[in-house]
Amino acid sequence: MAQVPQPLDALAVRTWCSLALQALGRAREEIDAINVYPVADGDTGTNLYLTVESAAAAVEAVFAGYEAGGAQRPTLADAVRAMAHGALIGARGNSGTILAQLLRGMAQVLAADGETAHTDARGLRLALRRAADSAREAVAHPVEGTVLTVASAAADAAIGAEENCAEVARAAYDGARAALAATPGQLAVLERAGVVDAGGRGLVAVLAALVETFTGEAPRVLDGPGRGVHARADAAHTGTSVTDSAGASVKGDHVHARVDGDDAYARGDDGDDAYARVHGDTGADSEECAGAPEDGGGPAYEVIYLLEADDGAVTRLRERLDALGDSLVVVGGDGLWNIHVHVDDAGAAVEAGLEAGRPYRIRITHFAAGDVHTTRAARPPRERVQRAVVAVVPGEGLAGLYQEAGATTVLARPGEPPASGELVQAVRRAHAREVVLLPNDADLRHTAAAAAEQARTEGVRVALIPTRSAVQGIAALAVHEPERRFDEDVVAMTSAAGATRYAEVAVAERQSWTMAGICQAGDVLGLIDGDVAVIGSDVTATAETVLDRMLAAGGEMVTLVLGDEAPEAVAAHLEARVRESYLAVDTVVYRGGRQGPLLLIGVE
């Protein structure tokens, strides 16, 4: 019986995002392994996965909103706009940034108002064309043999397809696949390495998911599992097998830096601060970058940030960043942009963003000469350690504390919870046979569970301890002993975390109903075990009330974690309160640092 074609609607978008995420998850390691141009940092597949994960999450949120309201499913326009926005704000690396623009280009057509709805084959053809054109426009100096070439070939091939979406998708996939196989002949660095373009390989996986969306069947791959067109290119150009190019992902050293060596930090004329950590392991890649040298030289830093600015300011920003460095890609529109550039002066790139508008989610990657510019063949494989701890932490101060204790950390900034792909990436970075995962946030339970499941499929033994606060994570880490049997270590850490009550002191952002009554914007809230228990007007007084309530049930150790915005005297006041009122109770104080919570309290 013939398959009934899936119509082009919101459900198709949802299905496509889900299938594309699965496809990139399966192909991630293959794509990471072939990332050679111009910076061989081996994270293209991971970045594409994280970008699509953000797009898929945004689409799911739209569906959840409609279902919660009892309304029908969202429209096609609702779904594609959510997909494009999710990809834009979650784009990682150059490959992810370009993919975000491809999805935005499609959304511009499929969500356009007009007398004729773009829900048929013609609409899909127009969307693919607009996607390819807008992505090319976003790159300052396009280079052939990259994902831009593959996207254009897909759009060209779709022109002659029959009048249904399934045929258009299949034609686009076939055109992209053929163009991908030809990329080594267009870019010498690919030919020398015997691989196809990594970003183009990712796009082929995304288009294969589009075919499966409309037909119910994934396109056949004749080369065997995991090999695809990049295996054929290897054989045709160099005779080198796919596995010859595989190797460990390259990571730079993790540094806390100003642009002068610690933190990238700038202040705008209006007093707003822009802050970023400098990473050597964020997973930013550059395989699609135009005008970048093929010899491994080039600028020392990759700078990426979201920017709120008008079109005129972004036009001027393009000119300034193009003069500062290379690999410039600017995507987005309607006041929100994603900026990507390689420069030697990271501070100047951030300052240019401050002059154009409001930059945030700033990421700076240092291309360490001993890592990303070294060929894989020259790097001996790193031996796995037996056991590691991976923890999500709020604030740089806590990240440093956890790292001193030997943990691999994932930084959670306010309003930016890490995705499951970031946790999986941290597990890989820990490079251990056994991993204890500490989410340190109740809302991250499902995200951490998904990451743990993914890591297990890669052969890592993972135990997820459902810590709900960073102070519970500190308690667990304090009793961690790698020399113990894995199960015994996990039991001890779980017991320590479970025996720790946790609280947080925060400032209310808006009026709201709480368990303690109605709070107003600006009120100081004391949350115990996740629920608002105290509403006050003073941070120190509220913190004291919270601490008294927690110690009323007993305790042996009080842990205080202070954010940079906490009053200077609060720690000393609370320590004195414990000494005077609670015998045999010890207090330890840590600094949470910038972007951490105002005050965390733990009682063991």
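This tour moves through the structure one selection at a time.

**Before starting**

The model is predicted: local features need pLDDT of at least 70, side-chain atom pairs count only at pLDDT 80 or more, and totals for chains, interfaces and linings use all residues. Residues are numbered from 1 along each chain as its sequence is written, and side-chain values use heavy atoms, with hydrogens and water left out.

**The whole chain**

Select the protein chain. It holds 19 helices and 18 strands; helices (H or I, at least four residues) and strands (E, at least two) are DSSP runs, numbered from the N terminus. Of its 604 residues, 55% count as buried. Here buried means under 20% relative accessible area, exposed means over 50%, and partly exposed lies in between, with a 1.4 Å probe and protein chains only. The accessible surface comes to about 25,000 Å², and 50% of it belongs to carbon and sulfur atoms; such areas come from the Shrake-Rupley method with a 1.4 Å probe, and for residues only the protein chains shown count as cover. Among the contacts in the chain with a separation of 6 or more, 72% are between residues 24 or more positions apart, where contact means heavy atoms within 4.5 Å.

**Helices α1 and α9**

Next, select helix α1 (residues 10–33) together with helix α9 (residues 198–215). Their axes come within 8 Å and cross at roughly 140°. Axes are lines fitted to C-alpha atoms, for helices over the stretch in contact, and angles run from 0 to 180 degrees between N-to-C directions. The crossing of α1 and α9 is right-handed; a crossing has this hand if the near helix is turned clockwise from the far one by less than a right angle, and is left-handed if anticlockwise. On the α1 side, the residues that meet α9 include W16, L19 and L24, and those on the α9 side include V206, L210 and F214. By class, this contact has 14 nonpolar, three polar and three charged residues. Ala, Val, Leu, Ile, Met, Phe, Trp, Tyr, Cys and Pro count as nonpolar, Asp, Glu, Lys and Arg as charged, and the others, Gly among them, as polar.

Stay on α1 and select R28, which lies in this helix. R28 is buried, with a relative accessible area of 6%. Leaving aside neighbours within four places in sequence, R28 is in contact with G45, T46, R428 and E458.

**Helices α6 and α9**

V147, V150, A151 and A154 of α6 make the contact with G199, G200, L203, V204 and L207 of α9. These residues divide into seven nonpolar, two polar and no charged.

Within α6, select A157. A157 counts as partly exposed, at 29% relative accessibility. Apart from neighbours within four places in sequence, A157 is in contact with A171 and G175. V168 is eleven residues from A157 in sequence and 8.3 Å away in space, C-alpha to C-alpha.

**Strands β7 and β8**

Now select strand β7 (residues 385–393), which pairs with β8 in the parallel sense over four bridges; two strands pair if DSSP finds at least two bridges between them. A391 stands opposite T409 in β8. In strand β8 (residues 408–411), T408 and V410 point one way and T409 and L411 the other way, and all are buried.

**The six-stranded sheet**

Finally, select the open sheet whose six strands follow the order β15-β14-β11-β18-β16-β17, with mixed pairing. β15 (531–536) and β17 (586–593) stand at the edges; each has a single partner strand, so one side of each is left without a neighbour in the sheet. The twist averages 20° from one strand to the next.

- Strand β11 (residues 501–507) and β18 run antiparallel and are joined by five bridges, and Y502 stands opposite G602 in β18.
- β11 also pairs with strand β14 (residues 524–528) in the antiparallel sense over five bridges, and A503 has I528 as its bridge partner in β14.
- Strand β16 (residues 557–563) pairs with strand β18 (residues 599–603) in the antiparallel sense over five bridges, and V561 has L600 as its bridge partner in β18.
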